[in-house]
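Dear colleague,

A summary of the findings follows it.

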Amino acid sequence: MVNSFPEEVLEHVFSFITLDKDRNAVSLVCKSWYEIERWCRRRIFVGNCYAVSPGIVIRRFPEVRSVELKGKPHFADFNLVPEGWGGYACSWITEMSRAYPWLEEIRLKRMVVTDESLELISTCFKNFKVLVLSSCEGFSTDGLTDIAANCRNLRKLDLRESEVMDLSGHWLSHFPNTCTSLESLNIACLGSEVSFSALERLVARSPNLKTLRLNRAVPLEKLSTLLRQAPQLVQLGTGAYSSGIRSDVYLGLSKAFSGCKALKGLSGFWDVDPSYLPAFYSVCSRLTSLNLSYATIRSPDITKVIGRCPNLQRLWVMDHVEDSGLNAVAFSCKDLRELRVFPSDPFVADANVTLTERGLVSVSEGCPKLQSVLYFCRQMSNSALITIARNRPNLICFRLCIIEPRAPDYLTLEPLDVGFGAIVEHCKELRRLSLSGLLTDRVFEYIGRHAKRLEMLSIAFAGNSDLGLHHVLSGCDGLRKLEIRDCPFGDKALLANVAKLETMRSLWMSSCAVSFGACKFLSRKMPMLNVEVIDENGTLDSRLDSCPVEKLYIYRTVAGPRSDMPAYIRTMDQCRVNTIS
Amino acid sequence: MSISIEEHDYIGLSEVNMEKKACEIAANSNKDLNLKATELRLGLPGSESPEREAVNGGAIKNLVAGAKRGFSDTINGGSGKWVFSVNGGSEVDLVKNNGGGLFSCSKVENNNNNNNSGLGVGSVKESHVVLASTNKPLLLEKKVQVSGNSSNGQTSAPAPKQQVVGWPPIRSFRKNTMAVSHTKNEEEADGKMGSGCLYVKVSMDGAPYLRKVDLEIYSSYLDLSSALEKMFSCFTIGQYGSHGAPTRDGLSESRLMDLLHGSEYVLTYEDKDGDWMLVGDVPWDMFIGSCKRMRIMKSSDAIGLAPRAMEKCRNRT
């Protein structure tokens, strides 16, 4: 019956199926569905750029319009992955430039992108629309010049938190006068000043511009000019938010903000002068997203802002918000879904802000829709965690970072096993968890038993033995990404759970106790895994089997060992013959 | 696998290290020191591999000791520093503070509880890891070197914690952004609190890849230079033919020292204006504020940079 549908009909039906998971399921039904599906898949997401080769992707999906790739392991964000590790976008972009002339969107995360690649993108894809470079590096503003100048239909240029070699701000001036398609521009990570008049003209001729995130160099006194040109903005990131005491600037800004009836999200706020905060009060009641995490404003000022934002769904702040500010959040922001609290002085032992576990407990009580938490603090207790878990069983993401490694429950001096255990027990839909504080193998027992939907787990300075790791690997059915640092986990747990590793995207272990021998064994036993050992002291060849590896990155792949590793990384299958040089 | 993983407290981990050390170093008179060195899990500032600095067969471990001797040489007007010319003022400081610019965890253990020795210059902070059994917390005790600082006249503001690489888990973008904010806010106040983080890339001529160091965690050129020596020693050892034979610690260490004191290399940096300068010419704080990246280059290549400084270097040899 199914086979009597013409292809076009099936294709049309499939066009409503957008999730990769579902698309993959569709393609497994039968050969003809596989064929039809692969010709009409338009979006590709590759969570680990080394899990598959560009050639394989291109062969299977010939008509792709949107590609998303991720490169380095997550711990690269914290400088745990050495320079030169890899994640080069070049080969992907080159092959796609030949195979996908109609490619419209490229999204890269934690990858190395060169100016040559950017030039290629700007010239080879005639209908290129969206470029998102998240935490990428390797390119300069010269590459951006090409993008600006050549992409006729550019809609989105988003450089979020990338490390750009900032040669000058001139690149922005290369957007031609004919470019009117821009919808989203995020240059917040750039240091140098762009030509303001070029920026103003660009904004003025982009009627569809919805998202504009400026860099610090755009002065506050110019912001109102931009806002007047773009009252349709939905998301705005300010530049520096101070300007001396100038009432004309304040008034202009206040008026401009009140003209932005569509504004839903605010960010930026570098170098904040609190006296300018009231300028945006008029938009507060509509705000659903507020990012004050770079704003060093103290509690009373933050509290005043928060009190005016009853529709806030996402709030990012620094610990200046303090418990009192979070109480205000709990009171006012009943629609809050996501809270992130960053430390203002993470490297100083004693906090000079009163942000404790109480703030988080308060928000968990007052905000019924809270599902995602990232919280840096200096003290935590089991009872607080249990309370949070009971209050918010709908948590999906819980990332707690107690700044002192191995800090115990500050009230009882016990490990925080029971507290985190409560989190995984009550929050049955938990997908992401980051642990901190003093933790024994017990917490992993709880996690293995309860955290069945957990997809990503981050562990640091925790556990006593391999049993801990074994609990996680054997119990967490949905685990995709596991990253571990400084834990006494060795060979036993890994070798007892080899099959599990193939069901996961990746496993990172650094400063643990896994031996070279185990890595070699794993590599031999599981040819579908790349077992990469990182050793920056450069003596990979002379290591004996019993020696522990420095850093280990294991991931499943259909592309075999990669060929772009620096000398200090080795895939274990290359170490079969141990030569002493 | 020959590793026994029975002991499962923190100390158990060091047993793993012990076995590793045993397998790498046949007879090592510094065994005691090595054990203690490997017990410490905290990373040395600037070290990308916080825990395994002794992994290189103790060569680096002894390099640490050797490097210290190197600094003493400097103080005594001995062989020239490989890195840069230190202006007169700070040399005097060196003498006062016993010159040891080495920031090293292992030193804490090795120097017979003489925790404060060898770590004089600047507001260098020290941590002493207290190993505990399973149920006790592992505390980081912070010892603020106020006494050591006073002769410098440097601020004894609350010392930053000793930093473990990548902890707390904060993205570089945020760290660098906040560092700039802090600098702006506190410039008039007590000088740098070091509460941010400033990663700059360091490349070395001939080395296959570059490293990143966090300038914020050093308080002086000495600290920086010793950390860099440790970081890049594996390259120079490699070049000069010490073939992964870690047992011959003395040999590789002294070879490196010869190399360094022979002033084969100089440390240079690119400042905000894009000019390449010799490290050491400007006061430390100014250096931190303007350094964008560093390069360890061969002395022969650095001739154009600052002829007189080079002269100074050579004269010291």
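Rings of Phe, Tyr and Trp (for Trp, its six-membered ring) are taken as a pair if their centres lie within 6.5 Å; planes under 30 degrees apart count as stacked, over 60 as edge-to-face and the rest as tilted. The model is a predicted one, in which local features need pLDDT of at least 70 and side-chain atom pairs count only at pLDDT 80 or more, while totals for chains, interfaces and linings use all residues. Residues are numbered from 1 along each chain as its sequence is written, chains are lettered from A and ligands numbered from 1 in the order in which they are written, and side-chain values use heavy atoms, with hydrogens and water left out.

Aromatic residues

Over all chains, there are 26 aromatic pairs. One of them joins Phe75(A) and Phe78(A), whose ring centres are 6.1 Å apart with planes at 55 degrees, so this pair is tilted. Both residues are buried (under 20% relative accessible area, with exposed over 50% and partly exposed in between, for a 1.4 Å probe and protein chains only): Phe75(A) has 6% relative accessibility, and Phe78(A) has 6% as well. A single aromatic cluster contains Phe75(A) and Phe78(A) together with Tyr50(A), Trp85(A), Trp508(A), Tyr553(A) and Tyr555(A).

Two charged side chains sit over rings (NZ of Lys or CZ of Arg within 6 Å of the ring centre and within 35 degrees of the ring normal). The charged end of Lys222(A) lies over the ring of Phe196(A), 4.9 Å from its centre. That of Arg174(B) lies over the ring of Tyr294(A), at 4.3 Å from the centre.

Helices

Helices (H or I, at least four residues) and strands (E, at least two) are DSSP runs, numbered from the N terminus. Helix H6 (residues 115-124) and helix H7 (residues 141-150) of chain A pack with their axes 8 Å apart, at an angle of about 5 degrees (axes are lines fitted to C-alpha atoms over the stretch in contact, and angles run from 0 to 180 degrees between N-to-C directions). H6(A) and H7(A) are therefore roughly parallel (under 35 degrees; over 145 is roughly antiparallel, 65 to 115 roughly perpendicular and the rest oblique).

In helix H18 (residues 466-475) of chain A, the buried residues are Asp466(A), Gly468(A), Leu469(A), Val472(A), Leu473(A) and Gly475(A). Among the elements that cover them, through contacts (heavy atoms within 4.5 Å), are helix H17 (441-450) and strand E18 (456-460) of chain A.

Yours sincerely
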